[in-house]
Amino acid sequence: MRVLFVCTGNTCRSSMAEALARHLLREWGEQGVEVSSAGVFALPNAPATEEAVQALAEEGIDLSGHRARLLTPEMVHEADLVLTMTGGHKRYVQQLAPEAKGKTFTLAEYAGVGADLPDPLGQPLAVYRRYAGELRWLLVHALRRLLAGPRSKDEGGGEKPEKESGGSV
């Protein structure tokens, strides 16, 4: 199973989602899911923002080697699931690869809460820390849904907690 995370520049949101998802899957012992990320307007090979690197480093996740990738139709075709950060990104993916409509969702939509994730670019480290926590919560729910297989769409995981530890799940 291949999951592709998509945002604008691939230096904040989708790169953090990719690294956090990889970390969670490793914690859970899941080896059948590959994760990657790209941006709809990415500058290829740009590093992740310093704040994104720092926020994840505080959780023991190394994002320092990340390099941005520009989204291509091939990436969308190769993915089994495309999770975007906003509805605008979702529409962009569906225009780029119309056949991907059934496998493209916003991350929040797939996790069962349905809101866009605003871009933290230019915000202080404290915002990235909160953002990492929110991404982790969404990813736990989205990955659990993915690993459980097809289920009814009204299963969402309940209320959003103020903070989820994300330790061994």
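Contact here means heavy atoms within 4.5 Å. Axes are lines fitted to C-alpha atoms, for helices over the stretch in contact, and angles run from 0 to 180 degrees between N-to-C directions. In these terms, helix H4 lies across strands S1, S3 and S4 and runs at about 170 degrees to S4. The model described is a predicted one.

The protein contains six helices and four strands. From the N terminus on, these elements follow the order β-α-β-α-α-β-α-β-α-α. Of the 169 residues, 47% are buried. Contacts between residues at least 6 apart in sequence were also examined, and 72% of them join residues at least 24 apart.

The four strands form an open sheet. Their order is S2-S1-S3-S4, and the pairing is parallel. Strand S2 (34-39) and strand S4 are the edge strands, each pairing on one side only. On average, neighbouring strands are turned by 25 degrees against each other, direction ignored. In general, strands of a sheet pair through backbone hydrogen bonds, either parallel or antiparallel.

S1 has pairing partners in S2 and S3. With S2, the parallel pairing extends over six bridges. Phe5 has Ser37 of S2 as its bridge partner. With S3, the parallel pairing extends over four bridges. Here Val6 stands opposite Thr84 of S3. Five of the six residues of S1 are buried, so this strand is largely enclosed by the rest of the structure.

Helix H4 spans residues 87-96. Its buried residues are Gly87, His89, Lys90, Val93 and Gln94. Seen down the axis of H4, they fall within an arc of 160 degrees and therefore line one face of the helix. Arg91 and Gln95, on the other side of H4, are exposed. In general, an α-helix has 3.6 residues a turn, so residues three or four places apart point the same way.

Several elements cover the buried residues of H4. Among them are strand S1 (2-7), strand S3 (81-84) and strand S4 (104-106). The cover also includes helix H1 (13-28), helix H3 (73-78) and helix H5 (107-111).

Thr86 has two polar links at this end of the helix. At the start of H4, a side-chain oxygen of Thr86 comes to within 3.3 Å of the backbone nitrogen of Gly88. The side chain of Thr86 also makes a polar contact with the side chain of His89, at 2.9 Å. His89 itself belongs to H4. With a relative accessibility of 6%, His89 counts as buried because the cut-off is under 20%. Neighbours within four places in sequence aside, His89 is in contact with Val6, Cys7, Thr8, Arg13, Val40 and Thr84.

Leu71 sits in the loop between helix H2 (50-57) and H3. Leu71 is buried, with a relative accessible area of 7%.

At 13% relative accessibility, His141 counts as buried. A polar atom of the His141 side chain lies 2.9 Å from the backbone oxygen of Trp137.

A disulfide requires a pair of cysteine sulfur atoms within 2.5 Å. By this rule the number of disulfides is zero. Cys7 takes part in none, and the nearest cysteine sulfur, that of Cys12, is 6.9 Å away. Seen from Cys12, the closest cysteine sulfur is that of Cys7, and the 6.9 Å separation is too far for a bond. Cys7 is buried, at 2% relative accessibility. Cys12 is buried as well, with a relative accessible area of 3%.

Key
Residues numbered from 1 in each chain as written. Predicted model: local features only at pLDDT ≥ 70, side-chain atom pairs only at ≥ 80, totals over all residues. Heavy atoms only, no water. Buried < 20%, exposed > 50% of the residue type's maximum accessible area, 1.4 Å probe, protein only. Arc of directions from axis to C-beta. Polar contact = N/O pair within 3.5 Å; in protein donor to acceptor, adjacent residues only side chain to side chain. Pairing = 2+ DSSP bridges.
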